[in-house]
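Here are my notes on the model. Please read them with the structure open.

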Amino acid sequence: MLKKELIELCLLHLLAQGDQYGYALLNCLQPVFPDTQESAVYALLRGLCREGSTRQYQGETSGGPTRKYYKLTPRGREKHAALLKQWQTLQVALGALGL
């Protein structure tokens, strides 16, 4: 499982808990992946939208620019489950190596 897939898994997991806007997702991921550029996370979000795993919509403004919210789709739930299974398989394999 590559870092890209781990970040996608985290994004989908966060969205499984409810709709969120991009900057909030970024703030959740930053402590876990501190060396990842903001632009890379936004690129992954755009990719998830393009493939139909998420849907983007405009939310209410809070005195600033309009927020882009992301919503998990049924296809996204399937991808989340598949990536989660890959992650769990990797954990078992690494555990067998003593890691």
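Predicted model: local features only at pLDDT ≥ 70, side-chain atom pairs only at ≥ 80, totals over all residues.

1. Residues are numbered from 1 along each chain as its sequence is written, and side-chain values use heavy atoms, without hydrogens and water.

2. Three strands make an open, antiparallel sheet, ordered β1-β3-β2. Strands (E, at least two residues) and helices (H or I, at least four) are DSSP runs, numbered from the N terminus. Pairing requires at least two DSSP bridges between two strands. The edges are β1 (20–21) and β2 (54–58), each pairing on one side only.

3. Two antiparallel bridges join β1 to β3 (residues 68–72). Glutamine 20 has tyrosine 70 in β3 as its bridge partner. Helix α1 (residues 3–16) packs on the sheet and touches β1, β2 and β3. Its direction makes about 90° with that of β3. Contact means heavy atoms within 4.5 Å. Axes are lines fitted to C-alpha atoms, for helices over the stretch in contact; angles between N-to-C directions run from 0 to 180 degrees.

4. Which residues of helix α2 (residues 22–29) are buried? They are Gly22, Ala24, Leu25, Leu26 and Leu29. Buried means under 20% relative accessible area, exposed over 50%, partly exposed in between (1.4 Å probe, protein chains only). The buried residues of α2 pack against α1, β1, α3 (38–50) and β3.

5. Leucine 99 lies in the segment after α4 (74–96). Leucine 99 is exposed, at 75% relative accessible area.
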